[in-house]
Amino acid sequence: MQENQKPRNFFEWNDRLYSVGIPQIDDQHKELVALLNELFTAMHAGKGREALGNVLQGLVKYAGYHFATEERLMQQHGYPEYALHKEKHNKMTRKVLELKTQFDDGVISAPVQISNFLKNWLARHIMETDRKFGKYLADR
Ligand SMILES: [Fe+2]
């Protein structure tokens, strides 16, 4: 690798694409992105199942905390799409727990499916769903 070439992250944060205009939420999204990069790095460093399981567990935990923060904020501001948005969080939480169980049971050996799935879901959810709420707040 050339000296001036910074290694690319698996998931590169981009303000223009992902900022929802709410600093607290942006910070939490950045933390989720960092955790996803950690999962990806651990995977490619050939870390063992236990280490990967720990990173995955950290992600699940932080995602729960983050969803709760967003939902509280939506409720505080009487967001009309709160129920719909919360349902997307619930569905995702169920899906991630299912993936985590499959990983723990050895059904999924490498979490490459998990990291790709999470990355795509998060990027899309931020751009399509969270930004809508950010716009609602900004327009008030
Ligand atoms: Fe959200």
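**Exercise 1. State which residues of helix 4 meet which residues of helix 5, and how the two helices are oriented.**

Step 1. From helix 4, His85, Lys88, Met92, Leu99 and Phe103 meet Ile114, Trp121, His125, Thr129 and Phe133 of helix 5. Two residues are in contact if their C-beta atoms, placed from the backbone, lie within 7 Å. Helices are DSSP runs of H or I with at least four residues, strands are E runs of at least two, and both are numbered from the N terminus.

Step 2. Sorted by class, this contact of helix 4 with helix 5 has 6 nonpolar, 3 polar and 1 charged residues. Ala, Val, Leu, Ile, Met, Phe, Trp, Tyr, Cys and Pro count as nonpolar, Asp, Glu, Lys and Arg as charged, and the others, Gly among them, as polar.

Step 3. The axes of helix 4 (residues 82–104) and helix 5 (residues 112–139) come within 12 Å and cross at roughly 170 degrees. Helix 4 is therefore roughly antiparallel to helix 5, a term for angles over 145 degrees. Axes are lines fitted to C-alpha atoms, for helices over the stretch in contact, with angles from 0 to 180 degrees between N-to-C directions.

The model is predicted: local features need pLDDT of at least 70, side-chain atom pairs count only at pLDDT 80 or more, and totals for chains, interfaces and linings use all residues. Residue numbers start from 1 along each chain as its sequence is written.

**Exercise 2. Describe the secondary structure of the protein.**

Step 1. The protein has 5 helices and 0 strands, in the order α-α-α-α-α from the N terminus.

Step 2. Along the principal axes, its C-alpha atoms fill a box of roughly 50 × 40 × 20 Å.

Step 3. Among contacts between residues at least 6 apart in sequence, 71% join residues at least 24 apart.

**Exercise 3. Work out how helix 2 packs against helix 5.**

Step 1. The axes of helix 2 and helix 5 come within 10 Å and cross at roughly 165 degrees. These two helices are therefore roughly antiparallel to each other.

Step 2. Ile25, His29, Leu32, Leu36, Leu39, Phe40 and Met43 of helix 2 meet Val112, Ser115, Leu118, Lys119, Leu122, Ile126 and Asp130 of helix 5. The residues of this contact divide into 10 nonpolar, 2 polar and 2 charged.

**Exercise 4. Identify the residues that touch the most other members of the largest nonpolar core.**

Step 1. A nonpolar core is a set of buried Ala, Val, Leu, Ile, Met, Phe, Trp, Tyr and Cys residues joined through C-beta atoms within 7 Å. A residue is buried if 20 or more other C-beta atoms lie within 10 Å of its own.

Step 2. The largest core has 14 residues, of which Leu35, Leu36, Leu39, Val55, Leu56, Leu59 and Ile114 touch the most other members. Helix 2, helix 3 and helix 5 each supply at least two residues of this core.

Step 3. Not counting residues up to four places away in sequence, Ile114 touches Leu56, Leu99, Phe103 and Ile108.

**Exercise 5. Is Phe11 buried or exposed?**

Step 1. Phe11 is found in the segment before helix 1 (15–18).

Step 2. Phe11 is buried, because 21 other C-beta atoms lie within 10 Å.

Step 3. Residues up to four places away in sequence aside, Phe11 touches Val33, Leu36, Asn37 and Lys119.

How values were computed:
Parallel < 35°, antiparallel > 145°, perpendicular 65-115°, else oblique. Buried ≥ 20, exposed ≤ 12 C-beta atoms within 10 Å, placed from the backbone.
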